[in-house]
Amino acid sequence: MTVTNEALTGKLASVTGAGIGRAAAVAFARGGARVALVDRSPDGLGETARLIEEAGGQALALACDVTSEDDVQSALDGTVQAFERLDVAFNNAGIEQPVKPAADIAKDEWDRVIGVSLTGMFLCMKYQIPTDAPAGGRCDRQRLVRRQCQGLQGTAGLRRGQARRHRPDRSAAFGYAALNVRVKAVCLGIIETEMIRRFAESTPGGRDALIADEPIGRLGTPEETAAAVLRLCSDAAFFTTGHARSSTVAQPSDSGS
(Lines give C-alpha, C1' and ligand atoms only; values in the text may rest on other atoms or scores of the structure.)
Protein backbone atom coordinates (compact mmCIF):
# COMPACT_ATOMS: atom_id res chain seq x y z
CA MET A 1 0.00 0.00 0.00
CA THR A 2 1.40 3.41 -0.95
CA VAL A 3 0.90 6.22 1.53
CA THR A 4 1.20 9.77 0.23
CA ASN A 5 0.50 13.15 1.76
CA GLU A 6 1.10 16.26 -0.32
CA ALA A 7 0.93 18.40 2.83
CA LEU A 8 4.38 17.05 3.77
CA THR A 9 6.11 18.26 0.60
CA GLY A 10 9.31 20.06 1.53
CA LYS A 11 9.13 19.10 5.21
CA LEU A 12 12.08 17.71 7.17
CA ALA A 13 11.29 14.53 9.11
CA SER A 14 13.20 12.44 11.64
CA VAL A 15 12.27 8.78 12.25
CA THR A 16 13.75 6.44 14.87
CA GLY A 17 13.72 2.66 14.61
CA ALA A 18 13.21 0.16 11.81
CA GLY A 19 10.15 -2.00 11.14
CA ILE A 20 7.27 0.43 11.55
CA GLY A 21 9.86 3.22 11.37
CA ARG A 22 10.98 2.05 7.94
CA ALA A 23 7.43 2.09 6.59
CA ALA A 24 6.86 5.56 8.05
CA ALA A 25 10.17 6.87 6.70
CA VAL A 26 9.40 5.64 3.18
CA ALA A 27 5.89 7.10 3.44
CA PHE A 28 7.28 10.48 4.52
CA ALA A 29 9.64 10.42 1.55
CA ARG A 30 6.88 9.50 -0.89
CA GLY A 31 4.89 12.40 0.55
CA GLY A 32 7.69 14.80 -0.39
CA ALA A 33 9.61 15.05 2.90
CA ARG A 34 13.35 14.69 3.34
CA VAL A 35 14.01 12.10 6.03
CA ALA A 36 16.65 11.68 8.72
CA LEU A 37 16.88 7.99 9.69
CA VAL A 38 17.97 7.29 13.27
CA ASP A 39 18.78 3.73 14.36
CA ARG A 40 21.48 1.63 16.03
CA SER A 41 21.80 -0.80 13.11
CA PRO A 42 23.97 0.33 10.18
CA ASP A 43 22.43 -2.41 8.02
CA GLY A 44 18.92 -1.29 8.88
CA LEU A 45 19.77 2.32 8.16
CA GLY A 46 21.31 1.42 4.83
CA GLU A 47 18.32 -0.62 3.70
CA THR A 48 15.81 2.10 4.64
CA ALA A 49 17.92 4.76 2.91
CA ARG A 50 18.08 2.58 -0.21
CA LEU A 51 14.28 2.21 -0.31
CA ILE A 52 13.82 5.96 0.08
CA GLU A 53 16.31 6.77 -2.65
CA GLU A 54 14.72 4.21 -4.98
CA ALA A 55 11.42 6.04 -4.40
CA GLY A 56 13.08 9.29 -5.47
CA GLY A 57 13.46 10.68 -1.95
CA GLN A 58 16.37 12.05 0.04
CA ALA A 59 17.58 10.28 3.19
CA LEU A 60 20.21 10.99 5.83
CA ALA A 61 21.34 7.94 7.86
CA LEU A 62 22.45 8.60 11.44
CA ALA A 63 23.68 5.83 13.74
CA CYS A 64 22.30 6.48 17.20
CA ASP A 65 21.52 4.70 20.46
CA VAL A 66 18.44 6.51 21.75
CA THR A 67 19.36 5.63 25.35
CA SER A 68 22.49 7.79 25.00
CA GLU A 69 21.93 11.51 25.49
CA ASP A 70 25.12 12.31 23.58
CA ASP A 71 24.02 10.14 20.64
CA VAL A 72 20.56 11.72 20.51
CA GLN A 73 21.94 15.26 20.64
CA SER A 74 24.52 14.42 17.98
CA ALA A 75 21.85 12.90 15.71
CA LEU A 76 19.68 16.01 15.98
CA ASP A 77 22.68 18.26 15.38
CA GLY A 78 23.48 16.22 12.26
CA THR A 79 19.88 16.50 11.07
CA VAL A 80 19.77 20.27 11.52
CA GLN A 81 23.21 20.68 9.94
CA ALA A 82 22.11 18.75 6.84
CA PHE A 83 18.50 19.93 6.56
CA GLU A 84 18.69 23.29 8.39
CA ARG A 85 15.63 22.59 10.53
CA LEU A 86 13.28 19.88 11.80
CA ASP A 87 9.55 19.91 11.05
CA VAL A 88 8.36 16.42 11.95
CA ALA A 89 9.58 13.59 14.18
CA PHE A 90 8.28 10.05 14.69
CA ASN A 91 9.87 8.64 17.85
CA ASN A 92 9.29 4.98 17.18
CA ALA A 93 12.27 3.09 18.63
CA GLY A 94 11.20 0.13 20.75
CA ILE A 95 12.30 -3.34 21.82
CA GLU A 96 10.59 -6.54 22.89
CA GLN A 97 11.06 -8.93 25.77
CA PRO A 98 9.60 -12.36 26.53
CA VAL A 99 6.22 -12.45 28.25
CA LYS A 100 6.68 -13.37 31.91
CA PRO A 101 5.13 -12.63 35.31
CA ALA A 102 6.29 -9.35 36.83
CA ALA A 103 8.05 -11.15 39.71
CA ASP A 104 10.25 -13.02 37.22
CA ILE A 105 11.52 -9.96 35.38
CA ALA A 106 15.15 -9.11 36.05
CA LYS A 107 15.99 -5.48 36.71
CA ASP A 108 18.33 -5.32 33.72
CA GLU A 109 15.46 -6.50 31.49
CA TRP A 110 13.24 -3.78 32.93
CA ASP A 111 15.97 -1.15 32.54
CA ARG A 112 16.54 -2.17 28.92
CA VAL A 113 12.87 -1.75 27.96
CA ILE A 114 12.50 1.51 29.87
CA GLY A 115 15.77 2.82 28.46
CA VAL A 116 14.80 2.38 24.80
CA SER A 117 11.03 2.83 24.94
CA LEU A 118 10.61 5.61 27.49
CA THR A 119 13.93 7.29 28.22
CA GLY A 120 14.78 7.19 24.51
CA MET A 121 11.50 8.88 23.65
CA PHE A 122 12.10 11.52 26.36
CA LEU A 123 15.62 12.26 25.12
CA CYS A 124 14.42 12.60 21.54
CA MET A 125 11.70 15.06 22.55
CA LYS A 126 14.12 16.96 24.80
CA TYR A 127 16.37 17.77 21.86
CA GLN A 128 13.71 17.93 19.14
CA ILE A 129 11.60 20.57 20.88
CA PRO A 130 13.28 23.84 19.93
CA THR A 131 15.02 25.35 22.92
CA ASP A 132 14.79 28.74 21.22
CA ALA A 133 11.08 28.31 20.47
CA PRO A 134 10.04 31.73 21.84
CA ALA A 135 12.24 33.31 19.16
CA GLY A 136 10.77 31.17 16.40
CA GLY A 137 12.57 27.88 16.97
CA ARG A 138 13.94 25.69 14.23
CA CYS A 139 10.73 25.87 12.24
CA ASP A 140 7.39 27.65 12.21
CA ARG A 141 5.32 24.56 13.04
CA GLN A 142 6.69 21.38 14.52
CA ARG A 143 5.03 18.00 15.04
CA LEU A 144 6.28 15.19 17.25
CA VAL A 145 4.59 11.79 17.28
CA ARG A 146 5.57 8.96 19.55
CA ARG A 147 4.75 5.28 19.32
CA GLN A 148 2.84 3.77 22.24
CA CYS A 149 2.16 0.03 22.07
CA GLN A 150 -0.79 -1.53 23.90
CA GLY A 151 -1.18 1.82 25.59
CA LEU A 152 -4.95 1.74 25.95
CA GLN A 153 -5.58 -1.79 27.10
CA GLY A 154 -4.12 -4.14 29.69
CA THR A 155 -2.70 -7.60 29.19
CA ALA A 156 -1.83 -10.54 31.43
CA GLY A 157 1.84 -10.52 32.35
CA LEU A 158 4.20 -7.78 31.26
CA ARG A 159 4.15 -7.45 27.47
CA ARG A 160 5.97 -5.04 25.29
CA GLY A 161 4.71 -1.54 25.76
CA GLN A 162 3.22 -2.08 29.23
CA ALA A 163 6.13 -0.14 30.70
CA ARG A 164 5.33 2.81 28.42
CA ARG A 165 2.08 3.90 30.01
CA HIS A 166 3.44 7.21 31.29
CA ARG A 167 2.45 10.13 29.05
CA PRO A 168 5.26 12.71 29.04
CA ASP A 169 4.14 13.55 25.50
CA ARG A 170 0.91 14.99 26.91
CA SER A 171 2.80 17.24 29.32
CA ALA A 172 4.99 18.47 26.46
CA ALA A 173 1.92 19.00 24.26
CA PHE A 174 0.34 21.37 26.76
CA GLY A 175 3.60 23.06 27.64
CA TYR A 176 4.59 23.92 24.06
CA ALA A 177 1.25 24.28 22.25
CA ALA A 178 1.42 28.07 22.27
CA LEU A 179 4.81 27.87 20.55
CA ASN A 180 3.36 25.97 17.56
CA VAL A 181 4.75 22.60 18.68
CA ARG A 182 2.30 19.69 18.49
CA VAL A 183 2.95 16.42 20.35
CA LYS A 184 0.81 13.31 19.81
CA ALA A 185 0.91 9.56 20.38
CA VAL A 186 -0.14 6.77 18.03
CA CYS A 187 -1.35 3.75 20.04
CA LEU A 188 -0.70 0.59 18.11
CA GLY A 189 -2.37 -2.72 17.97
CA ILE A 190 -0.09 -5.66 17.21
CA ILE A 191 1.80 -4.88 14.03
CA GLU A 192 3.46 -7.47 11.77
CA THR A 193 7.17 -6.67 12.14
CA GLU A 194 10.34 -8.69 12.64
CA MET A 195 10.26 -7.75 16.30
CA ILE A 196 6.72 -9.10 16.67
CA ARG A 197 7.71 -12.31 14.89
CA ARG A 198 10.50 -12.80 17.44
CA PHE A 199 8.14 -11.91 20.26
CA ALA A 200 5.54 -14.42 19.08
CA GLU A 201 8.09 -17.21 19.39
CA SER A 202 8.25 -16.64 23.16
CA THR A 203 4.50 -16.11 23.62
CA PRO A 204 2.25 -19.00 24.72
CA GLY A 205 0.08 -19.77 21.70
CA GLY A 206 2.49 -17.98 19.37
CA ARG A 207 1.22 -15.86 16.50
CA ASP A 208 -2.31 -17.22 16.81
CA ALA A 209 -2.52 -15.87 20.36
CA LEU A 210 -1.46 -12.43 19.15
CA ILE A 211 -4.06 -12.46 16.38
CA ALA A 212 -6.70 -13.43 18.96
CA ASP A 213 -6.00 -10.10 20.71
CA GLU A 214 -6.96 -8.18 17.57
CA PRO A 215 -10.71 -7.49 17.05
CA ILE A 216 -10.39 -7.52 13.25
CA GLY A 217 -8.80 -10.98 13.27
CA ARG A 218 -5.35 -10.21 11.89
CA LEU A 219 -2.20 -8.32 12.70
CA GLY A 220 -1.76 -4.78 11.46
CA THR A 221 0.79 -3.77 8.85
CA PRO A 222 3.56 -1.18 9.20
CA GLU A 223 2.05 0.68 6.24
CA GLU A 224 -1.28 1.03 8.05
CA THR A 225 0.51 2.52 11.03
CA ALA A 226 2.49 4.82 8.74
CA ALA A 227 -0.79 6.16 7.33
CA ALA A 228 -1.93 7.12 10.85
CA VAL A 229 1.43 8.73 11.61
CA LEU A 230 1.41 10.77 8.41
CA ARG A 231 -2.09 12.00 9.14
CA LEU A 232 -1.05 13.16 12.62
CA CYS A 233 2.02 14.88 11.16
CA SER A 234 0.21 16.71 8.38
CA ASP A 235 -1.17 20.25 8.51
CA ALA A 236 -4.64 18.68 8.40
CA ALA A 237 -4.10 17.53 12.02
CA PHE A 238 -2.22 20.58 13.28
CA PHE A 239 -5.15 21.61 15.50
CA THR A 240 -4.68 18.34 17.43
CA THR A 241 -2.19 18.05 20.29
CA GLY A 242 -1.87 15.94 23.43
CA HIS A 243 -3.96 13.27 21.71
CA ALA A 244 -3.41 9.52 21.68
CA ARG A 245 -4.78 8.03 18.48
CA SER A 246 -5.40 4.30 18.21
CA SER A 247 -4.47 2.63 14.94
CA THR A 248 -6.75 -0.34 15.64
CA VAL A 249 -10.36 -0.94 16.70
CA ALA A 250 -11.05 0.54 20.12
CA GLN A 251 -11.29 -1.94 22.98
CA PRO A 252 -14.01 -1.75 25.65
CA SER A 253 -11.42 -0.40 28.09
CA ASP A 254 -10.79 2.54 25.73
CA SER A 255 -14.16 4.15 26.35
CA GLY A 256 -13.98 7.54 27.96
CA SER A 257 -10.20 7.80 27.62
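**View 1. The lining of the largest pocket, by residue class.** Nine nonpolar, seven polar and nine charged residues make up the lining of the largest pocket in this predicted model. Here Ala, Val, Leu, Ile, Met, Phe, Trp, Tyr, Cys and Pro count as nonpolar, Asp, Glu, Lys and Arg as charged, and the others, Gly among them, as polar. A pocket is an open set of points on a 1 Å grid over the protein atoms alone, with protein on both sides within 12 Å along at least five of seven lines, and its lining residues have an atom within 4 Å of a point. Of the 25 lining residues, G17, A18, G19, D39 and G94 lie nearest the centre of the pocket. Two or more residues each come from α1 (20-30), β2 (34-39) and α6 (194-201), and α6 gives the most, with four. The space inside is about 580 Å³, where a volume is the space filled by probe spheres set on the points, and points are joined across faces, edges and corners. Helices (H or I, at least four residues) and strands (E, at least two) are DSSP runs, numbered from the N terminus.

**How to read the views.** Residues are numbered from 1 along each chain as its sequence is written, and side-chain values use heavy atoms, with hydrogens and water left out. As the model is predicted, local features need pLDDT of at least 70 and side-chain atom pairs count only at pLDDT 80 or more, while totals for chains, interfaces and linings use all residues.

**View 2. Strand β4 and its partner β1.** Take a look at β4 (residues 88-91), which is covered on both faces: V88 and F90 are buried on one side, A89 and N91 on the other. Buried means under 20% relative accessible area (1.4 Å probe, protein chains only). Strand β1 (residues 12-16) runs parallel to β4, and three bridges join the two; strands pair if DSSP finds at least two bridges between them. Within this pair, A13 stands opposite V88.

**View 3. F90 and the largest nonpolar core.** F90, in strand β4, has a relative accessible area of 0% and so counts as buried. F90 is one of the residues with the most contacts inside the largest nonpolar core, which has 30 residues; F28, V35, L37, I52 and V186 are also among them. A nonpolar core is a set of buried Ala, Val, Leu, Ile, Met, Phe, Trp, Tyr and Cys residues joined through side-chain atoms within 4.5 Å. Helix α1 gives the most to this core, with eight residues. Apart from it lies another core of 29 residues, including L12, L76, V113 and M125. F90 and L230 are 140 residues apart in sequence, yet 9.3 Å apart in space, C-alpha to C-alpha.

**View 4. T16 and its backbone contacts.** T16 sits in strand β1 and is buried, at 2% relative accessibility. Its side chain reaches the backbone nitrogen of N92 at 2.7 Å, and a polar atom of the T16 side chain lies 3.0 Å from the backbone nitrogen of A93.

**View 5. The largest cavity.** A cavity is a set of grid points where a 1.4 Å probe fits but cannot get out. The volume of this one is about 90 Å³. Helix α3 (69-83) supplies the largest share of the lining, four residues. By class, the lining has six nonpolar, four polar and no charged residues.

Terms used
Buried means under 20% relative accessible area, exposed over 50%, partly exposed in between (1.4 Å probe, protein chains only). A polar contact is a pair of N or O atoms within 3.5 Å; within protein, one must be able to donate a hydrogen and the other to accept it, and residues adjacent in sequence count only if both atoms are side-chain atoms.
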